[in-house]
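Trainee: I have a model open and would like to walk through it with you. Could you take my questions as they come?

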Amino acid sequence: MHQHSALPLWLKLAFTAWILFWAPAYAVMLGPQNYFWLCNVASFLILVGLWWEHRLLLSMQWLSVALVGAFWTLDVGVAWLTGVHPIGGTEYMLDPEHPRLARVLSLYHVVLPLVAGFAVLKLGYERRALWWQTGLTWLLLPLSYLFTDPERNINWVHGPFGAHQDMLGSLTYLVLLLLVWPFVLYLPLHAVMRWTQRRKRSG
């Protein structure tokens, strides 16, 4: 914790209030398995990171939610406008069978990158975040495969973009996913953050 708080108290209190409403609401509507989603884990870790002003935790979750949130927002936005999902995986947002409140609460995919990004802007980016977030992902994906309902395809451990796949063996696909997640989603953003840090130091 920093001696002088770098993050505003209102942000910490607002995010805490959000978690206190969102977490039990999701548990009731979607069940505890839903917490295996990396974005849902990120919500709890961002909460801890905000109060502790923990650079590593917040940098990890910035990697976790920034590109995922951007792709999610793009997919939902285009689908709302055209009825077509250019990426996929967000079809539930237009599914009337999915609880309306759950769909509204899923808009946190837009908010999490803003909160984590603001915190990293204030505290600075921790370069170890890539390795720690990769390790967390490599823990959560196998756990999702072992302990969640395959029909829910949590963290896409049974197929990409929310759809099941049968082109590869299930374990082969899982190993491939373990590689794709950090290389496609984390590494590019990490490289941008490190380049920005070097530019600041040289400037």
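This is a predicted model: local features need pLDDT of at least 70, side-chain atom pairs count only at pLDDT 80 or more; totals for chains, interfaces and linings use all residues.

Trainee: Where do tryptophan 22 and phenylalanine 44 sit in the chain?

Mentor: Tryptophan 22 belongs to helix 1 (residues 9-30) and phenylalanine 44 to helix 2 (residues 38-52), so that the pair links distant parts of the chain, 22 residues apart. Helices here are DSSP runs (H or I, at least four residues), numbered from the N terminus.

Trainee: And is tryptophan 22 buried or exposed?

Mentor: Tryptophan 22 counts as buried because its relative accessibility is 0%, whereas phenylalanine 44, at 30%, counts as partly exposed. Buried means under 20% relative accessible area, exposed over 50%, and partly exposed in between (1.4 Å probe, protein chains only).

Trainee: Which other residue forms an aromatic pair with phenylalanine 44?

Mentor: Tyrosine 35 does, in an edge-to-face pair with 5.6 Å centre to centre and 75° between the planes, and tyrosine 35 is partly exposed, with a relative accessible area of 22%. Trp18, Trp22, Tyr26, Tyr35, Phe44 and Tyr108 form one aromatic cluster.

Trainee: Switching to packing, at what angle do helix 3 and helix 7 pack?

Mentor: Helix 3 (residues 55-82) and helix 7 (residues 170-202) pack at about 120°, with their axes 9 Å apart; axes are lines fitted to C-alpha atoms, for helices over the stretch in contact, and angles run from 0 to 180 degrees between N-to-C directions. That angle makes helix 3 oblique to helix 7, given that angles under 35 degrees count as roughly parallel, over 145 as roughly antiparallel, 65 to 115 as roughly perpendicular and the rest as oblique.

Trainee: Which residues make the contact?

Mentor: Among them are Trp62, Leu67 and Phe71 of helix 3 and Leu185, Leu189 and Met193 of helix 7, with contact meaning heavy atoms within 4.5 Å. By class, the contact of helix 3 with helix 7 has 11 nonpolar, three polar and one charged residues; Ala, Val, Leu, Ile, Met, Phe, Trp, Tyr, Cys and Pro count as nonpolar, Asp, Glu, Lys and Arg as charged, and the others, Gly among them, as polar.

Trainee: Last topic: what is the phi of asparagine 153?

Mentor: Asparagine 153 has a positive phi of about 50° although it is not a glycine. Most residues other than glycine have a negative phi. Asparagine 153 is found in the loop between helix 6 and helix 7 and counts as buried, at 1% relative accessibility. Phenylalanine 161 lies in the loop between helix 6 and helix 7, has a positive phi near 55°, and is partly exposed, with a relative accessible area of 43%.

Methods:
Residues are numbered from 1 along each chain as its sequence is written. Side-chain values use heavy atoms; hydrogens and water are left out. Helices (H or I, at least four residues) and strands (E, at least two) are DSSP runs, numbered from the N terminus. Rings of Phe, Tyr and Trp (its six-membered ring) pair if their centres lie within 6.5 Å; planes under 30 degrees apart count as stacked, over 60 as edge-to-face and the rest as tilted.
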